[in-house]
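Please walk me through this protein structure, starting with its overall make-up and then moving to its parts. I am new to it and would like a plain account.

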Amino acid sequence: MMSTMIEKQGCAARGCSELQQWGADAFFTAEHRKQLEGLMYPKKAEAHSHLFWEGDETGKLYYVRSGRVKLTKTTEEGKTINLSIQRQGDLIGELDMTGSGVYGYSAEVIEDAEFGVIQEKDLEILLHRHGDFAVAFTKWMALQHRTTQSKFRDLLLFGKPGALASTLIRLCNTCGVATKDGIKLAMKLTNTELGDFIGATRESVNRMLADLKAHDIIDMDGGFIIVKTLNELKAICQCPSYPACPREICRI
């Protein structure tokens, strides 16, 4: 019954297994993926290492074969903001095509990972030669922009409570597991880490989570958050209805 409820609730309640089909893989056909594979060379990275730092020169894309990567941005005040968590099937990087671009964020490996690395110059040749691939790649880039815009919307328009509610909804999509008590977030995050997603202090997150728990919107189970009433979270951040906010966008 819980799985049926989750399906009806749309983009804000799907679990990890379905998310594995998202990212760049959702846009490319088998032939497109074969073409990309032909450009890649393998790379392994250990947890807590960096693929690149904010300010490094661009020129490569990283296809995530396994593991997870956290993208972060440093503000002028020196505070680190978590932008997203990338996983299997995602492409990481920025394309400049002029040879003079720099990354606007850092990519930190948070668990041992394997990548396929694509040189920008090789990708440019592929885009010129195969128009169907170029269209698919453009659609993927457009999704990245929409995802970023939606996160800025949540952060700027509805204050810290709205931003936290949005983050919890995105976590439901990214790693939510249906249980008899609600949607359990399989990714354990500290309150400091949650705060880094919305630019809030650990103390502020403590208070907001306590308020959500007092209103029976969430519960805790051994350090894991359980979302009991998803619609209440959606009301706090005025979450757009599907298809205005498709599930490919509503992810952490």
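**Overall make-up**

The secondary structure of the protein comes to nine helices and ten strands. The model is a predicted one. Of its 252 residues, 46% count as buried. Contacts between residues at least 6 apart in sequence can be sorted by how far apart the partners are along the chain: 74% of them join residues at least 24 apart.

One example of two residues separated along the chain involves His-130. This residue lies in the loop between helix 4 (120-129) and helix 5 (131-157). Its C-alpha atom is 9.7 Å from that of Gln-35, and the two residues are 95 apart along the chain. His-130 is partly exposed, because its relative accessible area is 30%, which falls between the limits of 20% for buried and 50% for exposed.

**The largest pocket**

The next feature is an open one. The largest pocket has a volume of about 910 Å³. It is lined by 38 residues, and those closest to its centre are Leu-71, Ser-84, Tyr-105, Gln-144 and Thr-148.

Which elements supply at least two residues each to the lining of this pocket? They are strand 3 (60-74), strand 4 (80-86), strand 5 (91-92), helix 5, helix 6 and helix 7 (191-198). Helix 5 gives the largest share of the lining, with twelve residues. By residue type, the lining of the largest pocket divides into 17 nonpolar, 13 polar and eight charged residues.

Strand 3, one of the elements that supply the lining, also holds Lys-70. Is Lys-70 buried or exposed? Lys-70 is buried, because its relative accessible area of 18% is under the 20% limit. Leaving aside neighbours within four places in sequence, Lys-70 is in contact with Asn-82, Ser-84, Ser-106, Ala-107, Glu-108 and Ile-110. One of these contacts, Ser-84, is also among the residues closest to the centre of the largest pocket.

Helix 6 covers residues 159-175, and Thr-167 lies in it. Thr-167 counts as buried, since its relative accessibility is 6% and the limit is 20%. Not counting residues up to four places away in sequence, Thr-167 touches Leu-194, Phe-197, Ile-198 and Ile-252.

Among these, Leu-194, Phe-197 and Ile-198 are buried residues of helix 7, as are Gly-195 and Asp-196. What covers the buried residues of helix 7? The cover includes strand 4, helix 5, helix 6, helix 8 (202-214) and strand 10. After helix 7 comes Gly-199, which has a positive phi, near 70°.

Strand 7 (residues 176-179) and strand 8 (residues 182-185) are paired in the antiparallel sense, over four bridges. The two strands are joined by a hairpin through two residues. Within this pairing, Ala-178 has Ile-183 of strand 8 as its bridge partner.

Strand 8 also pairs with strand 10 (residues 224-227), again in the antiparallel sense, here over two bridges. The bridge partner of Lys-184 in strand 10 is Ile-226. As a general point, the side chains in a regular strand alternate between the two faces of the sheet.

**The cavity**

How many cavities of 30 Å³ or more does the structure hold? It holds one. The largest cavity has a volume of about 50 Å³. Its lining consists of Leu-171, Leu-185, Met-187, Lys-188, Leu-189, Leu-194, Gly-223, Phe-224 and Ile-225. Of these lining residues, seven are nonpolar, one is polar and one is charged.

Several residues of this lining belong to parts already described. Leu-194, which lines the largest cavity, is a buried residue of helix 7 and a contact of Thr-167.

**The cysteines**

The last topic is disulfides. A disulfide is a covalent bond between the sulfur atoms of two cysteines. A search of the whole structure finds zero of them. Where two of the cysteines sit can still be stated in terms of burial. Cys-175 has a relative accessible area of 3%, so it is buried under the 20% limit. Cys-250 is likewise buried, because its relative accessible area is 3%.

Technical notes
Residues are numbered from 1 along each chain as its sequence is written. This is a predicted model: local features need pLDDT of at least 70, side-chain atom pairs count only at pLDDT 80 or more; totals for chains, interfaces and linings use all residues. Side-chain values use heavy atoms; hydrogens and water are left out. A disulfide is a pair of cysteine sulfur atoms within 2.5 Å. Buried means under 20% relative accessible area, exposed over 50%, partly exposed in between (1.4 Å probe, protein chains only). On a 1 Å grid over the protein atoms alone, a cavity is a set of points where a 1.4 Å probe fits but cannot get out, and a pocket is an open set with protein on both sides within 12 Å along at least five of seven lines; lining residues have an atom within 4 Å of a point. Grid points are joined across faces, edges and corners, and a volume is the space filled by probe spheres set on the points. Ala, Val, Leu, Ile, Met, Phe, Trp, Tyr, Cys and Pro count as nonpolar, Asp, Glu, Lys and Arg as charged, and the others, Gly among them, as polar. Contact means heavy atoms within 4.5 Å. Two strands pair if DSSP finds at least two bridges between them.
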